[in-house]
Amino acid sequence: MLRNKFYQTLFVDKQVVGSIESRVLINLEDPIFEGHFPDVPVVPGVCMLQMIKELLEDRIGKPLQLLKAGNLKFLAVINPRLNSELSISISYVSGDDGNISADGSITDADKVFFKIAKAVYK
């Protein structure tokens with residue numbers, strides 16, 4: 001949904017089962033920044049959630065829906081003029097019920113922008 005328009009995946013480490021380490025590049029020219037906000041662009045929280053979901057879907061190999069999240073923490077604003085290249089880390093496990101439990105974060109160097117914990121996808 002957002003991939004290749006709002007952001008591009010630069011790198012995904014596929015070596016470790018149950019873990020995703022990725023680098024993405026935010027497209028500062030995406031129309032979403034005209035409304036969020038033209039003079040000081042900010043990555044919307046829903047876009048952060050969607051990027052994590054899309055990377056997880058790629059790894060699992062099927063569409064997912066977020067059923068619930070234990071914690072969502074928006075810790076800092078992502079201004080794509082200042083932080084256009086981001087790291088996304090996800091750890092996940094598949095349950096016997098077909099659900100995927102995951103934790104994830106979006107960072108740049110030592111700065112943490114977003115964390116999701118105890119998320120359940122189906």
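Visitor: How many bridges join β4 to strand β5, and in which sense do they run?

Guide: This is a predicted model. Strand β5 covers residues 100-108, and tyrosine 92 stands opposite alanine 102 in β5. The two strands run antiparallel, and the bridges that join them number eight.

Visitor: Which residue in the hairpin of β4 and β5 takes a positive phi?

Guide: The hairpin has five residues between the strands. The positive phi there lies near 90 degrees. The residue is glycine 98.

Visitor: Which strand does β2 pair with over seven bridges?

Guide: Strand β2 spans residues 19-26, and its pairing is antiparallel. Arginine 23 has serine 87 as its bridge partner. The strand that holds this partner is β4, residues 85-94.

Visitor: What is the N to O distance between the side chains of arginine 23 and glutamate 85?

Guide: Arginine 23 lies in β2 and glutamate 85 in β4, so their contact ties together parts 62 residues apart in sequence. Arginine 23 is partly exposed at 23% relative accessibility. Glutamate 85 is partly exposed too, at 35%. Their side chains meet in a salt bridge, and the N to O distance is 3.2 Å.

Visitor: Is glutamate 54 buried or exposed?

Guide: The side chain of glutamate 54 meets that of arginine 3 in a salt bridge of 3.3 Å, N to O. The pair links distant parts of the chain, 51 residues apart: arginine 3 sits in the segment before β1, glutamate 54 in helix α2. Arginine 3 counts as partly exposed at 24%. The relative accessible area of glutamate 54 is 1%, and the cut-off is under 20%, so glutamate 54 is buried.

Visitor: Which residues are linked with Arg3 in a network of salt bridges?

Guide: Arg3 meets glutamate 54 through their side chains. The network also takes in an aspartate. The residues linked with Arg3 are Glu54 and Asp58.

Visitor: Why are glutamate 57 and lysine 53 separated by about one helical turn?

Guide: Both residues belong to helix α2. The separation is about one helical turn because their spacing in the helix is four residues.

Visitor: What does the count of salt bridges come to?

Guide: The rule needs a side-chain nitrogen of Lys or Arg within 4 Å of a carboxyl oxygen of Asp or Glu. The pair of arginine 23 and glutamate 85, at 3.2 Å, is one of those that meet in a salt bridge. By this rule the count comes to four.

Technical notes: Residues numbered from 1 in each chain as written. Predicted model: local features only at pLDDT ≥ 70, side-chain atom pairs only at ≥ 80, totals over all residues. Heavy atoms only, no water. Pairing = 2+ DSSP bridges. Buried < 20%, exposed > 50% of the residue type's maximum accessible area, 1.4 Å probe, protein only.
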